[in-house]
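Dear colleague,

Please find the structure below, together with its sequence. A summary of the findings follows it.

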Amino acid sequence: MTVLDARLPEEGADVLLTDHGVSIALVDDLGEGRGPSWLDDWLASNAPEVVAWRRHIHAHPELSRKEYATTELIAQVLRSAGLKPRIMPGGTGLVCDVGSGPRCVALRADIDALPITEAGGSPYASTVDGVMHACGHDAHTTVLLGAALALASATELPGRVRLVFQPAEEVMPGGALDVLAAGGLDGVERIFGLHCDPRLEVGRVGTRIGPITSASDMLELRLTSPGGHTSRPHLTADLVHALGTVITGLPGLLSRRVDPRSGTVLVWGAVHAGEAPNAVPQDGVLRGTLRTGDRDTWAELEPLIKELVGALLAPTGVGFDLHHRRGVPPVVNDRESTMLLRAGIEAALGEDALAGTVQSSGGEDFGWYLEHVPGSFARLGVWDGVGKQRDLHQPEFDLDERALIVGVRVMVHAALAALA
């Protein structure tokens, strides 16, 4: 084994002592015996190491576009299997092909962490202050690493599988654009991805034809006023009142100007203005997120928001500067790709593993890939079925590590189904 680092599992767990003297937890393979034989054999020999990869990555998280050590770890593991990874021009993230032939399908994982301080006290908790894998990207990376080495163990594949280890998913407009700019999807006919879902029980995978995530933009509105004394608001422009007008008025007006079926949602997350209770401030700022589940609506929102803000503020006399930062498009799953993915899930785990899923208001830069090639994005169940469901982007987030082996099987079978 080539375990790089791991911490002791919870007391009482089944463990394996590796060649390096590191104890790691054993996990059940929920798809054991479903084949192909080379996949069963690889997982029977390497499942503990898959867990160890995840624990190492979880304990050593790196923020977007700073994933140097994570990239090197991935490259090292791939090279150990005789593969030839190509690191991205920015130095983080990589792509790597397994197999040969003219046809090529891609499997994608994101590798970055979040600026969140971990809580919960797991034995493999983050060792980096203020940074943790709170969105499951450590699991995504591990799943794709396992799929890569399992595929590399096959005596023959029906084509090529492009492994995309993508940096910077957590920042807009997303590292997917870096992958595309570097030619990471050149020659690829279809792409698949998985994302942890803490509301779905381990052993099940949620799929959906059509939109599964939403477009996500950032708004920053800066207001200006001459300022003045609160006893004489008629002699100035009341900036705080103007902020309140936009806070309450813009979401309401927006709901009357876009199709309600588009799932368009504007929510404010930050507002700052003034210090003294008896002074009208000269400046203030309002920040929020604007989301929509419809690709066409997304294209129309920027000029519409500017129009509505101008109309709301015109009577107040307050000046404004609106910065509308477009983020990522919705992930819209292709029907054929989703049917192939469902076939892969059923082959990997059985019909009972198939689950439906709803469209989320969350953003995901996998949508950029689907602007170029068809594909499908699914949700990997990571809840143990008995404990508390710990949501993504929370300090207590963790997952049932059986999901790692499930993910490996699903990714392998998705690629095989698409190349069949």
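**Findings**

His 140 is located in helix 3. The model is a predicted one. With a relative accessibility of 5%, His 140 is classed as buried, because the cut-off for that class is under 20%. Setting aside residues up to four places away in sequence, His 140 touches Ala 109, Asp 110, Cys 135, Leu 194, His 195 and Cys 196.

In general, the strands of a sheet pair through backbone hydrogen bonds, in either a parallel or an antiparallel sense. Strand 3 pairs with strand 4 (residues 94-98) in the antiparallel sense, over two bridges. Arg 86 has Val 95 of strand 4 as its bridge partner.

**Leu 39**

Leu 39 belongs to helix 1 (residues 37-59). Its relative accessibility is 0%, and Leu 39 therefore counts as buried. Apart from neighbours within four places in sequence, Leu 39 is in contact with Ala 150, Val 408, Arg 409, Val 412 and His 413. Between Leu 39 and Trp 53, which are 14 residues apart in sequence, the C-alpha to C-alpha distance is 18 Å.

**Helices 5 and 6**

How do these two helices meet? The axes of helix 5 (residues 239-255) and helix 6 (residues 295-313) come within 10 Å and cross at roughly 135 degrees. Helix 5 is therefore oblique to helix 6, and the crossing is right-handed. On the helix 5 side, the residues in contact are Ala 242, Thr 245, Val 246, Gly 249, Leu 250, Leu 253 and Leu 254. They meet Leu 301, Leu 304, Ile 305, Leu 308, Val 309, Leu 312 and Leu 313 of helix 6. The residues of this contact divide into twelve nonpolar and two polar, with no charged residue.

Yours sincerely

Terms used
Residues are numbered from 1 along each chain as its sequence is written. This is a predicted model: local features need pLDDT of at least 70, side-chain atom pairs count only at pLDDT 80 or more; totals for chains, interfaces and linings use all residues. Side-chain values use heavy atoms; hydrogens and water are left out. Two strands pair if DSSP finds at least two bridges between them. Helices (H or I, at least four residues) and strands (E, at least two) are DSSP runs, numbered from the N terminus. Buried means under 20% relative accessible area, exposed over 50%, partly exposed in between (1.4 Å probe, protein chains only). Contact means heavy atoms within 4.5 Å. Axes are lines fitted to C-alpha atoms, for helices over the stretch in contact, and angles run from 0 to 180 degrees between N-to-C directions. Angles under 35 degrees count as roughly parallel, over 145 as roughly antiparallel, 65 to 115 as roughly perpendicular and the rest as oblique. A crossing is left-handed if the near helix is turned anticlockwise from the far one by less than a right angle, and right-handed if clockwise. Ala, Val, Leu, Ile, Met, Phe, Trp, Tyr, Cys and Pro count as nonpolar, Asp, Glu, Lys and Arg as charged, and the others, Gly among them, as polar.
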